[in-house]
Amino acid sequence: MEPIIEFKNFSFKYRAQQEPTLYDINLKIYPGEKILIAGPSGSGKSTLAHCINALIPCSFRGDVKGTLRVCGQEPAKAGVFGMSKKVGTVLQDTDGQFIGMTVAEDLAFALENDAVPQNEMYERVNKVAELVSMSSFLTHAPGELSGGQKQRVSLGGVLVDDVDILLFDEPLANLDPATGKRTIALIDEILKKEKLMVLIVEHRLEDVLYKDVDRIIVVNEGRIIADERPDDLLCKDVLEQQGIREPLYITAIKHAIRGSDKKLQPKDAPQHIESMRVEPYREDVLRWFTQVELPNRRNENQPILEVKNLSFAYSPDAPRVLSDINFTIRRGEMLSIVGKNGAGKSTLSSLICGFYRPAKGQILLNGKDISPLSVKERGEQIGLVMQSPNQMISKPMIMEEVGLGLAVRGVPAKEIEERVHETLKICGLYPFRNWPVNALSFGQKKRVSIASILVMNPQVLILDEPTAGQDYRHYTEIMEFLKKLNEEMGLTIIMITHDMHLMLEYTDRAIVLADGHLITDDTPAKVLTNEEAADRAYLKKTSLYDLAIKCGIEKPDELVDRFIAYERTLRRAKQQEDTAGTGKAGGRKGENR
Amino acid sequence: MTKLLSYQEKDTWIHRLCGVTKLLFFLLWCITSALTYDTRILAAMIAISLALFAMSKTEWKQVAGVFKMVLIFMVLNVVAIFLLSPYQGCEIYGSHTVLFQWFAGHDVTAEELFYLLNVVMKYFTIAPSIFIFMVTTDPSEFAASLSRVGVPYMASYSVAIALRYIPDVQGDFRRIRNAQEARGIEMSGKAKLKDRITRTASIIFPLLFSSMEHISVVSNAMELRGFGKKKTRTWYAQRKLQAGDYIVLALSVVFTVIALVITFHDGSRFYNPFAG
Amino acid sequence: MDKKKFGIQEVVATGIGTALFVVLTTVQIPTGIPNTALQPRMAVLAFFAAVFGPIVGGIVGLLGHALGDALFYGSVWWSWVFPEGVVGIAIGALAVKYAVREGGFGKKQIILFNVVQVIANAVAWIVVAPVLDILVYAEPANKVFLQGVAAWGGNIVIIGILGTLLLAAYAKVAGKSSSLTKEN
C-alpha cells in the first residue's frame, strides 16, 4: 500500500533560529492508520504537524531539506489552501478556531470560502452537524457552548470538506477530563464511519489511549525517538526518559516490579487497563502497595479562609451560579477546587477576590468578615494568578513587572528593589532580573506572574489552572515550585483546575463543585475513586482505581494514596540528586508556540 | 459594565428584512435627519420612528440603559450650544424675540429655544432607528448582506469578526481588569493624571498583547480552512432580498426625496415660524 | 507574511482591533476639566494603525467609532465618525517607518509617530469634524471648534502617552532581544 504521508530525510529550520527544529525525519503513515505523536514542548512535534498542513513553510518561514509527500502532493508547493482540501486541522485553541458567529456558520466556513451554493451548503452542514452531534445547537453562538461542544464544532468544520487526513494539535489541552475522554471516543467513532487517517499530537498519553491507537511516535529534540505499537512502547522506558507521562497504572506496575527480574510484557496488552492482563503482576502490586508508607497529612492549623452559606447570582432574578457553599481552609493547606467548565469554580474565586458581591453568605479571612474590604485591599492578602501569564504581564522588564504591585501602593523605591530581589530569588528568576519578559520561556513567564503576586506577601494564593497547556517537565517544574512555597513559606495555596494529576499529586484536599453546588470535600484519592462524584463533576476516575479493583485491593483509594506518596519520595530523591549535580541549564528556550 | 444593545430574535416584519435593507434605510434616515431643520419633517420622522419601534416589538428594558446615555449626551450638547452660542437661533431665523433676560446681557430668545427644539428632535429621530437596527438585525446575516451592496468580502468579513469577537474581548477585558485591580492597579481612583494613564496602560497592555496573539491564531485557523482563496465567496447566513425589502427600500428613497424637497424648496434648510 | 495589501492577517486585525476599540468605548480617564475625558480607545486605534497600516487603521476608526457609539450611546454622529477614519489612515500611512513589528520603535520613530499623530488629530478634530458639524448638522461654529480643540488636546495627550507606551512595549515584546547574560 502507498503511504499517505511520507517524510524522507526531512529537516526544517525556522528562519529566526540557529538550529533546525526537525532533523532528518523518515516516517511513513498509511491510509486508515491512527497515529499518536508524543513529545515534550519544544520537541518539534507541533512543527512536524505544521509541515503536513503546509503552515510550514507557507506561513512560518524557514529552510526545508529532504522531501515530504502528503496524499501525493508536496505541501510546500500545494500551499495552505491546496492542503486544506486534504488535511483537516483541529487546533488546540477552540476559541481561536471558532470563527463563525454561530455553530452553523462555523461549520459552513470552509464551504463559504469555496463559494459552494447556499442550498448545498445547508445540506452538508446538516449532515456534518449530525456526525458531530451538534444538530440541536446550530443557531448557538460560541459564548453559549462548552469547551467540548466548541471542539466538536471545530472537528465538524474540517470534516465538512471530505478530507483524507485529520490532524489534531493537542486536542485535550483545554478540556476537563470527562470531556476529553468523550472527544477521544468521538474521534474513534468518526474514524469508523469515514475513511480517514488520524494524527493526534498530544502529551496526555493516557487520555488518548482510552481508545486504540495504531502507533505512537515519540519525538524529542527534533528527532523521532521511537515509532512503535502502544503495547510495545508502554513496556519500555522510552516515555519516562523523554519526559512524557506514562499511564498511571503502567507506572504503578513498573514501580511494583522494579528490582525483580520481571518485565512488563506486550502480550499482556497494557494499552488499556480495562483489557489488560493484570494477573502476572498482581502479587507484585500487592506487595509493593503494603510496603509504601502513608504519610500523615492532617492539617490542624487555624482556619485562614472560611466560606459560609455563600450564594451568588448575576442578578436577583437570574438563576443561581453558586448556592449555599460552605468550607474552611486552614493555614498552610494546598488544595484544589475542581469541577467541569461552568461549575462555578471561577465565580467562587471571583467572590473571594471581591470582583463580585455575594447574594448571600459570608467569607471570613482569619476569622474576620472581608465584605468591607475593596478588591485592592483583598489583593494584599489573597493573591490571584491568572491562567495565562500573558493576561497579567504589563511591563516589558522583569523587575518593573514584579515591582508593579508595590509601586502603585506607594512603597519607596529602595524597599521595592529589596523586596523584588528577594522574591526573584525565591522564584529562581534572580539571574534574569534585568531581562525583558519576552526573553523568558512560558514556564518562566508563569513564575514572573506568580512573583508579581508573591512580592506583596499574600497569605493565600489562588491560581487558575496553573499548569494548563504545559508538558510534563514544565508541569513538574511549576508544581514543585508551588509545593516549595507551600512548605517553606507556609503559604496557603488554592488551585482551580481540571487536571486530575495535579489534584492527586500535589494537593491534600479537593473541593468538588457541580452545577453551583459543593458536592464533595475530601482527599483527592477518595474523590477520584468515588464514581458518583466523579460523574457529576465531569471528572474521570483514575486508572489506578481500575488497577486496584483488578488486583483485588479492597480500598482503592489507599492504592492511590500510596502511589502518590511513593512518587513524591522518588521526586524528592531525584531533585536532591539534581541540585547536588550541576545546576539546571536555564535561560532562553526557543519555544515555538 | 454598561449594558449594550444586542440582537434579539423575534418574528416581526422588521426582523425579517435583510440587514442591508435596514442599513440603507438607516443611512438614508441619518442623512435626512442631519440635513433637515424643517420642524414638520422632524416631527413626522419621530412619529414614524416611534411607530416602527412599536412594530419591532422591542421591549423597553432592552434599550432603557442606552436611552439614558442618549438623554445625557443630548442635554450636554444642548447646554453647550446654549451657553456658547446663545444667539445661534437668532442668526438662523433672522429675528430676535426676547422672552426674558437670563442674566445681564444674556437674553433668552424664542429663536434660540426653537433652534434647540430642532436639535433635540434630531436626537429623537435617530435614537429609535438605531435601537431598531441594533436589536432586530442578526449580526451574521448583516455581515453577509454587506457584500451584497458591493463591499469587498474581505472587508465584510472584518465586520463579521468584529461582531463575533466583541463579547470575547469584553470578557477578557473584565477578567484582566479584575486581576490587575487585585494587584492594586486601578484605572479610577485618586492619582495624578500621568499615573492614571500609566495604570491604564498596565491594564490595556495585557489585553492588547493577548489580542495580538489571538490575531495570529485566528488568521492561521482561517487560512487552514481556505479563507481568501477564491475571488468570490458565498455566505451561509445570506438571505435573498424579498418583496418586503424592495418595498421598504423604495419607500425610504421616496421619503428621503420628499423630505429633502420640502426642506429645501424655499432655499433654506430651516423651517422658519418667525418669518412674516 | 506576504506583502499583500489586505491579507487574512489584516482582515483579522481589523476585526479584532474594532472589537477592542468598541469594548474600550466606555473606558474614560477623567482629566479634571469638565466634559473632557481622555479616551484610551484612541491609543488602541493609533496602535493598530501604526502596526498594521492605513487600511486597518482607517476601518478600525470608522467602524469602531460608529459601532461603539451606536451600541453604548445610541447615537451615531457621522461628523465625528469620519475624522476617526482620518486619524487611522494618517497614522497608518507611515506604518512601515515606525517598524513596530520589527522591534524598531526607538527614539526617532517615537518622535515621528508623535509628530504624525499631532498633525493627524489636528486635521481630524480641528478641521474635518467642525466643518462637517457646521455643514451637515448646522451647529454653531464657536461651539464645534471649541469641542474640536478639546478633542484634539485630549487625543494627542492620550495617544502621545498611552499610545507611545503601548507601541514601545509591544515593539520590545515582538522584536528580537539582543544577547542576554545571566547575572549572579
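This is a predicted model: local features need pLDDT of at least 70, side-chain atom pairs count only at pLDDT 80 or more; totals for chains, interfaces and linings use all residues.

Guide: The bounds come from a domain assignment. It gives domain 1 of chain B as 8-138 + 237-276, and domain 2 of chain B as 140-228. The two domains touch. Domain 1 of chain B puts eight residues into that contact, and domain 2 of chain B puts in eight residues. On the domain 1 side of chain B, three of the residues touching domain 2 are nonpolar, three are polar and two are charged.

Now turn to the contact between chains B and C. Chain B contributes 56 residues to it, and chain C contributes 48 residues. Start with the helices on the chain B side. H2 (19-35), H4 (60-84), H6 (110-136), H8 (153-182) and H9 (193-224) of chain B each supply at least two residues to the side that touches chain C. H9(B) gives the most, with 17 residues. Then sort that side of chain B by class. Facing chain C, there are 42 nonpolar residues, 11 polar residues and three charged residues.

To set this in context, look across to chain A. There, four strands form an open antiparallel sheet, ordered S11-S10-S13-S14. Strands S11 (322-330) and S14 (368-369) of chain A are the edges, each pairing on one side only. S13 (residues 360-365) of chain A pairs with S14(A) in the antiparallel sense, over two bridges. Within S14(A), A:Asp369 is the bridge partner of A:Leu364.

Key:
Residues are numbered from 1 along each chain as its sequence is written. Chains are lettered from A and ligands numbered from 1 in the order in which they are written. Two strands pair if DSSP finds at least two bridges between them. Two residues are in contact if their C-beta atoms, placed from the backbone, lie within 7 Å. Ala, Val, Leu, Ile, Met, Phe, Trp, Tyr, Cys and Pro count as nonpolar, Asp, Glu, Lys and Arg as charged, and the others, Gly among them, as polar. Domain bounds come from an automatic or database domain assignment.
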